[in-house]
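Please have the model open while I talk.

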Amino acid sequence: MKRYLYDGTADGLLSAISWILQEEPEPEKVVLAEREQTLFEEGFFINTNALQAESLFSRLRHRAPDAAYTIYMFMLAEQHGMESSSLLHYVSLLFTYGDKVNGYLTHPAVRDIVSVAKKAGRELHRMKGLLRFEKLQDGAYLAKMEPDNNIIQPLANHFRTRLRAQHWFLYDVKRRVAARWSNGVLQFGTIEQFTTPALSEDEKKVQALWQTFFKTIAIPDRKNSRLQKSNMPMKYWKYLTEKQAE
Amino acid sequence: MDILAKLQILSGAARYDASCASSGSKREASSCGVGNTSQSGICHSWSDDGRCISLLKILLSNDCRYDCAYCVNRSSNLVPRASFTAREVVDLTLDFYRRNYIEGLFLSSAVMQSPDVTMERMVRVVEALRTEEQFGGYIHLKIIPGCSSELVRKAGLYADRISVNIELPSQVSLQRLAPQKSKAAILEPMKLIGQEINTSLIERSTSRRAPRFAPAGQSTQMIIGASPENDFQILRLSQGLYKKMHLKRVYYSAYVPVSEDNRLPALAAPPLLREHRLYQADWLLRFYGFTAEEILSDDLPNLDETFDPKTAWALRHPEFFPVEINRADYATLLRVPGIGVTSAKRIIAARRFSAITPEGMKKIGVVMKRAKYFITSSGRRFEKHDQTPAIISQQLLLGEARVVEPPRQLVFPGLYSCQP
């Protein structure tokens, strides 16, 4: 079985896939893995070519928009090192079957890609609800988060239409990545050193209102913390305004 | 009274309304305003009772003229009373929305001086949100039965969803427990809303600039367990509401004893299992192609507590099974216990590529716990021997191992109660 290696980046993975699909008559029989720089590592290394990666992705989008979105969500999960062969086989199936490929769940590669992508998609949807902004002294709003998947880009896109008249920041604490929306421009960047800015004067008052609402809206006779935790896992509580009062 | 105290009273009074959906409406954000809506709806938190919070759910006032026995806000109940001003509700909604606490507003109210006065004040709040603040988030507005049709029309133009609560499943119960309400006064606005929604849909199909009327449709709610109706009556009522009035949702709310009244049953706890079974049956009506008459009958007027309604139906209809998963159409697959909308779609998508084996079913994520007794794959059964409904129900209840092997351990009566 032939073995290929790439440099571990997303661009590297896509350009390797593009190369293999072009050169290999039977891509389903090929293994693709991340290079680990060990002494006797076997395999043929494929150079990263950002242009090739981009051209492959735009071809994917053209051929099968839904499946291309699945690949995008899969990349956000940042697990491609473990599943690079699966992605190769998935892309090769995609060119045969188009968007129907996502229904081929009995195929192990499809199942791998779809289940990772689905997890990322679920977290993205969850964060659209669970993200909490705090109003700062200068009138801007800041939301901190620590999601498992790197979802800041699609999340920022959601808020750019929803809160478009508002000046806001998203900050991924673990990845040190921030998004900034101001005067109709959305920017992304990394933050080396983060200092929490001062809150606006009325912020604590609004937070107390929300905490009160959160408490009283629950029906005491129906208390069910298990259900609450399964819908809203505790790993998200750290930045939830309503969970700070407890 | 300060705003925090008001919020405490008026959200506490609104919590028995079950609806919190924020889906079904696609409203674009305006350039200078705040907010849009999401087609699939978004939950923003889950309260201590495990229910989703997506809307700021409050009453405009809990100062009620009516004296409905089941209601916490009835006039004879000694609770603190409060009312919001329109400005207070608008500010709360915007403050919460800007911080992403909520998807929008759910506004209901006790009946103040009259239905018209109350409804007018409620409409004024949403009018201010939509026109002055350009608020594009989700709004669910309650209609007060007995208010003028002009106000109903106005409400539908501003809100995404409007709802009239049917409260109790029959006119008799309504008369007994809520003497100031009548079935006619409840059904009349429902009919009007249904007509307006239809008209708006037709107009919008020819002109995109035609006004939208309650784009997320109308819903209603009834209280379960406060009156003697059986499940069959309730399901037939829901079926009628879905078919004739085109409602989007009927909500069932297990009666929580909020007052002592000799017209009400004494309940140790809210009938949550019954509520759960009614929701399952409701799903069968809306998404699974079942009719109320298939699920229940005059001889069998109440839902089974042990089995979900679909399993109960399947056990009564052995002639329908087994279903061949590689050939059955979508509607037939949906009738298999344990196979829902998602699983049925996945089966149909996957069998385009190759026949699905028992292992394949697990791979595509179908839960086999119940389904395995009712299906074949390419003619082969999933279970070794022939199954009669009696054996299947026993196995579903106890798990297979227990059926084959009699218990060898000492059994302490009452410690593990397993009722057949």
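The contact, meaning heavy atoms within 4.5 Å, takes 59 residues from chain B and 56 residues from chain A. This is a predicted model, in which local features need pLDDT of at least 70 and side-chain atom pairs count only at pLDDT 80 or more, while totals for chains, interfaces and linings use all residues. Residues are numbered from 1 along each chain as its sequence is written, and side-chain values use heavy atoms, with hydrogens and water left out.

The area buried between chain B and chain A, that is, the accessible area (1.4 Å probe) lost on putting the two together, summed over both, is about 4,900 Å², and carbon and sulfur atoms give 60% of it. On the chain B side, Asp48(B), Arg99(B) and Phe353(B) lose the most area to chain A, together 17% of what that side buries.

Turning to charges, there are 4 salt bridges between the chains, where a salt bridge is a side-chain nitrogen of Lys or Arg within 4 Å of a carboxyl oxygen of Asp or Glu. Glu275(B) and Arg222(A) meet in a salt bridge through their side chains, at 2.8 Å, N to O.

Now the helices, which are DSSP runs (H or I, at least four residues): the axes, lines fitted to C-alpha atoms over the stretch in contact, of H1 (residues 3-12) and H2 (residues 86-98) of chain B come within 12 Å and cross at roughly 85°. H1(B) is therefore roughly perpendicular to H2(B), a label covering 65 to 115 degrees.

Conventions
Chains lettered and ligands numbered in written order. Axes fitted to C-alpha atoms, helices over the stretch in contact; angles between N-to-C directions. Helix = DSSP H or I, 4+ residues; strand = E, 2+ residues; numbered from the N terminus. Parallel < 35°, antiparallel > 145°, perpendicular 65-115°, else oblique.
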